[in-house]
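Here's a quick briefing to read alongside the structure. Have a look at the chain below, then work through the notes by topic.

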Amino acid sequence: MGYWVRLCLSVLYFSLISLSSAIVDADNDDYEVPIPSTLDGPFKPVTVPLDQTFRGNAMDLPHTDPLLQTTAQGFQPQQISLSLSSSHHSVYISWITGEFQIGDNIEPLDPNSVASVVRYGRFRRSTSHRAKGYSHVYSQLYPFEGLQNYTSGIIHHVRLTGLRPNTLYQYECGDPSLSAMSDVHYFRTMPVSGPKSYPNRIAVVGDLGLTYNTTSTFDHITSCYSCAFPDTPIHETYQPRWDYWGRYMQPLISSVPIMVIEGDHDIEPQAGNQTFVAYSSRFAFPSEESGSSSTLYYSFKAGGIHFIMLGSYTSHDKSGDQYKWLERDLASVDREVTPWLVATWHAPWYSTYKAHYREAECMRVEMEDLLYKYGVDIVFNGHVNAYKRTNRVYNYTLDPCGPVYITVGDGGNREKMATTHADEPGECPEPSTTPDDFLGGFCAFNFTSGPAAGNFCWDRQPDYSAFRESSFGHGILEVKNETHALWIWHRNQDFYDSAGDEIYIVRQPQNCPPFKPAT
């Protein structure tokens, strides 16, 4: 049993994933060296030297690659995926029927021409249950000549409800009236929420992309079509890449739930000032169930873990909708039921790489106090194409009650690895270059205290930075109980039983009691 949480594919987006134990086997007893824990920290900063012999292959897979093709005929389902609702008794099944169109004078398919039906039941029993959903198409339209418009196939989303916890189900999806049903697929529901109840493993991948590095990352867990047009104020995003990615990932995500959060490559501006259209159309989100009005931020439970998915590319001002939603969501968390509180968003607050250095500072200034107040345990980010783990930190200062921040933007996208650190001589970026281009604003100033006081960057690896390495890979989170979780990061170039970084993250609620709002 498992699932993904994703943060951005970079050319598609970043995601977090959760895997079945049948897919991953990382037996702790195999490690001869005792695994450290956060109780042993704070740790002295470590930078692993760049491995020049393994830089991976950041070239996109060609659209002719057999892994990107579909065998679906007519209106048979393709790109089937599974995602979680807000709790264990509900999941979403999503798929696409019909083919996309790209070019001039394209006509969208009629979503009402194909039904959205899932037949399902418990494993080895009949699929007598039947659920209906909704369907739509989306278009990516450009207001300039020479850019190829796109319209998707018919995208279907069906929510299954009333499911039993920790139970294996089988399902098929499609339109039975057209004899256009999928093969039978299987999934296991999440365990019921409680302090002794957790998914077996959660795979965490950021900036996955669709390159040869992606295939290496994918294998561990089981020239660019985006062309710039210098004479126009926007860049074209090659929408069929989404379809190729959905086909490539179907063998995994039709059975293992994938939970996603938007990244910068998902903005995809188009005519009418629309953004995030493909991202919001292709995936199902438990936004409504978690009280959110947006696909860009939401929350869900997986056993004794409460996940908060935040948007780096929507307003995070204290007066804005996202911040107000976050306050309500955090206040609703019962730590007796879900002891672990994990937050995820795309752009990291505590990266020490030159790429995207302090780019999300405005978000940190607005939201960090709230996350600290409610005792968030772990934060996962992407965006920076490398791996990094911090000591427990709050406001750039070592703090035993602060979260552990983990950047896993090394899934394999085409931007290649980040290798330069802002604390290296001559590499500190100019403050004026750091604001995010999409949201704007400027919040990153020189430090006013600590070893870097008066400067924009440290002159050595910061104390809060425990471990960093420029390698492609992915991570696995195994929550053992209400206080201990094992985090393992795997490099793509290593065998699976070799860990690039591993640590037990230990909660200490007796020393760091989370805030409890008045009832």
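Arg-335 and Asp-377 are both buried, where buried means under 20% relative accessible area, exposed means over 50%, and partly exposed is in between (1.4 Å probe, protein chains only). They also form a salt bridge, with the closest N and O atoms 3.0 Å apart; that term covers a side-chain nitrogen of Lys or Arg within 4 Å of a carboxyl oxygen of Asp or Glu. Arg-335 lies in the loop between α4 and β20 (340-344) and Asp-377 in the loop between α5 and β21 (378-381), so this pair ties together parts that are 42 residues apart in sequence.

A word on the ground rules: this is a predicted model, so local features need pLDDT of at least 70 and side-chain atom pairs count only at pLDDT 80 or more, while totals for chains, interfaces and linings use all residues. Residues are numbered from 1 along each chain as its sequence is written, and side-chain values use heavy atoms, with hydrogens and water left out.

**The chain as a whole**

- The protein chain comes to 5 helices and 29 strands; these are DSSP runs numbered from the N terminus, with helices being H or I of at least four residues and strands being E of at least two.
- Of the 519 residues in the protein chain, 59% are buried.

- Side chains of opposite charge can pair when their charged atoms come close.
- The structure holds 18 salt bridges.
- One of them joins Glu-366 to Lys-318, with 3.6 Å between the closest N and O atoms. This pair links distant parts of the chain, 48 residues apart: Glu-366 is in helix α5 (residues 361-373), while Lys-318 is in the loop between β19 (305-309) and α4 (321-332).
- Lys-318 has a relative accessible area of 43%, so it's partly exposed.
- Lys-480 and Glu-478 meet in a salt bridge too, at 2.9 Å from N to O. What's the accessibility of Lys-480? It comes to 37%, so Lys-480 counts as partly exposed, whereas Glu-478 is buried because its figure is 5%.
- There's also a network of salt bridges linking Arg-358, Glu-361, Arg-364 and Glu-368.

**Aromatic rings**

- The structure holds 30 aromatic pairs. Rings of Phe, Tyr and Trp (its six-membered ring) pair if their centres lie within 6.5 Å; planes under 30 degrees apart count as stacked, over 60 as edge-to-face and the rest as tilted.
- Phe-442 and Phe-445 are edge-to-face because their planes are at 90°, and their ring centres are 5.1 Å apart. Phe-442 is partly exposed at 38%, and Phe-445 counts as exposed at 53%.
- Trp-458 and Tyr-464 make another edge-to-face pair, 6.1 Å centre to centre with 90° between the planes. Trp-458 is buried at 9%, and so is Tyr-464 at 2%.
- One aromatic cluster includes Trp-242, Trp-245, Phe-276 and Tyr-279 among its members.

**Charges over rings**

- The charged end of Arg-358 sits over the ring of Phe-447, 4.3 Å from its centre. To qualify, NZ of Lys or CZ of Arg must be within 6 Å of the ring centre and within 35 degrees of the ring normal.
- Arg-507 has its charged end over the ring of Trp-340, 5.8 Å from the centre.
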